[in-house]
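Please read it with the sequence and the coordinates at hand.

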Amino acid sequence: GSEVKEIETYMRENTSNDEKTDLFGIAKDKNVIFVSVESMQNFVLDEEVNGKEITPFMNDLKESKDTIFFPNFYHQTAQGKTSDSEFLVENSMYPLPRGAVYFTHASNEYNSLPEILNEEDYYTSVYHANNKSFWNRDSMYGNIGYDKFFDEQSFEENEENSFGWGLEDKAFFEQSIKYLKEQDQPFYSKFITLTHHFPFELPEDKANIDKYDSNSRTLNNYMPTARYTDESLEDFFQQLKDAGLYEDSIIVLMGDHYGISDFHNKAMSQFQGKEIDGYQHVQNQRVPFMIHIPGYDKGKQYDKITGQIDVKPTLLHLMGIDEGNDLSFGTNMFAEDRKDFIAMRDGSFVTDEYVYKSEVCYDRETGEPIEETAEESPCAPFQEKVEKELGYSDSLIYGDLLRFYNFDDGKHQTKEEVEELEKSA
Ligand code: GP9
Ligand code: MN
């Protein structure tokens, strides 16, 4: 009881989201189409292989007058990979330091995005052409209130349209439209792509750019599959227009996590033309995050630091839904007054001025390590805050502490009261 009180107080003081900006409610009553783009990292944006753009569609989309783009948006996932990114977005809590929270704590009490949206009369669904129990999604989705999961059984796979992990993204989007059209509106629908996944294999006749040429087969393969998925997104936008769904929707694109690990640093350093030290490693954890609002016309790029932890309060803000008694570790990306760090699950972090990784504090602007002096490192105060926040998130999950907090009235419940409620339910 007292622990959840302490954590709630911390969240109210450091990560509350009641500031209203001009964008509050801009997506009110619109459909939200959220696309989780498998393994997509920012380092391919605006880059080429043999004179051909890797991601021409996303390159244009981020510059569109109808798009808000956050180039300094970081993934914050750990071993739970895609499922960790889903957990971050749905709950604005951190995934666990070990294991996948989707497996280990799927029946906890949460106040997840789909549950909040259901109360606001949204229809909520997930589209993903994989086995429904992968990452224990079927259990978790049921617990956090999705109305429907269109898993691989909703799709038709054949020799032509599947390889590697299964149904290819182009067929996945194309086949989804018929279901999407039938959904009650407004809806919140999450799409999880799959083709651009390790080991990034693609039949040659589906590749429209060359592989990269380095000592890493993985990085080499990464380029044509990134291009393939970029093309599938372009097709999807067109399909949404053709189906008459585009105008009444906002479309959010987010990379779920890195696809290129540190094993490929040599090849990455060749591609990026710089050494991959701790600083560059952290910078490479940036993944695409764009909010496309048809007809918005005031699109721009926000350079501030943001992360997956911030997505839930940001979406609720755009949808015009008050924070009320909700709790989150993230802060609305549009707010002036925001928490001043983005924490990674391994304890590294980014602030306006610093990047911290493996006990080195780097100047964020120059990428140079800050000279050791007798004085305390400027990263030290942030290090403490990051540890505290990650620890609080872990405590909530390990102890299933949100059971003791009533999201309807913001009051705390004793163990006895919770047991009474559970009995009567
Ligand atoms: C599997 C897909 C990929 O369903 O989400 O999982 P990942 O390996 O990226 O976590
Ligand atoms: Mn993934």
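Ser-92 has 0% relative accessibility and therefore counts as buried, a class that means under 20% relative accessible area, with exposed over 50% and partly exposed in between (1.4 Å probe, protein chains only). The model is predicted, so local features need pLDDT of at least 70 and side-chain atom pairs count only at pLDDT 80 or more, whereas totals for chains, interfaces and linings use all residues. Residues are numbered from 1 along each chain as its sequence is written, chains are lettered from A and ligands numbered from 1 in the order in which they are written, and side-chain values use heavy atoms, with hydrogens and water left out.

## Backbone geometry

Most residues other than glycine have a negative phi, and most peptide bonds are trans. Ser-92, although not a glycine, has a positive phi of about 50°, and it lies in the loop between H3 and H4. Helices (H or I, at least four residues) and strands (E, at least two) are DSSP runs, numbered from the N terminus. Lys-81 is not a glycine either, yet has a positive phi of about 40°; this residue lies in helix H3 (residues 81–91) and is partly exposed, with a relative accessible area of 29%.

The bond from Gln-185 to Pro-186 is cis, with omega near -5°, and Pro-186 has its place in the loop between H7 and strand E10 (187–192). The bond from Phe-198 to Pro-199 is also cis, with omega near 0°, and Pro-199 lies in the loop between E10 and H8.

## Helix packing

Two packed helices are described by the angle between their axes and the distance between the axes. Here the axes are lines fitted to C-alpha atoms, for helices over the stretch in contact, and angles run from 0 to 180 degrees between N-to-C directions. The table gives these values for two helix pairs.

| Helix pair | Angle | Axis distance |
|---|---|---|
| H7 (residues 169–182) and H8 (residues 217–242) | about 20° | 9 Å |
| H2 (residues 56–63) and H8 | about 55° | 7 Å |

H7 is therefore roughly parallel to H8, while H2 is oblique to H8; angles under 35 degrees count as roughly parallel, over 145 as roughly antiparallel, 65 to 115 as roughly perpendicular and the rest as oblique. Contact, meaning heavy atoms within 4.5 Å, is made between H7 and H8 by residues including Phe-173, Ile-177 and Leu-180 in H7 and Leu-233, Phe-236 and Leu-240 in H8. By class, the contact of H7 with H8 has seven nonpolar, three polar and five charged residues, where Ala, Val, Leu, Ile, Met, Phe, Trp, Tyr, Cys and Pro count as nonpolar, Asp, Glu, Lys and Arg as charged, and the others, Gly among them, as polar.

In the pairing of H2 with H8, Pro-56, Phe-57, Met-58 and Leu-61 of H2 meet Arg-227, Asp-230, Leu-233, Glu-234 and Phe-237 of H8. That contact has six nonpolar, no polar and three charged residues.

## Aromatic pairs

A search of the whole structure finds 35 aromatic pairs; rings of Phe, Tyr and Trp (its six-membered ring) pair if their centres lie within 6.5 Å, and planes under 30 degrees apart count as stacked, over 60 as edge-to-face and the rest as tilted. The rings of Tyr-102 and Tyr-141 have centres 6.2 Å apart and planes at 90°, so this pair is edge-to-face. Because Tyr-102 lies in helix H4 (residues 101–104) and Tyr-141 in helix H6 (residues 137–144), the pair ties together parts that are 39 residues apart in sequence. Both Tyr-102 and Tyr-141 are buried.

The rings of Phe-155 and Phe-172, with centres 5.4 Å apart and planes at 50°, form a tilted pair. Phe-155 lies in the loop between strand E7 (148–150) and strand E8 (162–163) and Phe-172 in helix H7, 17 residues apart. Phe-155 is buried at 7% relative accessibility, and Phe-172 is buried with a relative accessible area of 1%. Ring pairs also link these two residues into a cluster with Tyr-127, Phe-150, Phe-173, Tyr-179, Phe-191 and Phe-236.

## Helix H11 and Asp-400

Helix H11 (residues 311–318) is mostly covered, with eight of its eight residues buried. Just after H11, Gly-320 takes a positive phi of about 75°. Asp-400, found in the loop between helix H12 (380–398) and strand E18 (405–406), counts as buried at 15% relative accessibility. Not counting residues up to four places away in sequence, Asp-400 touches Asn-108, Glu-109 and Ser-395.
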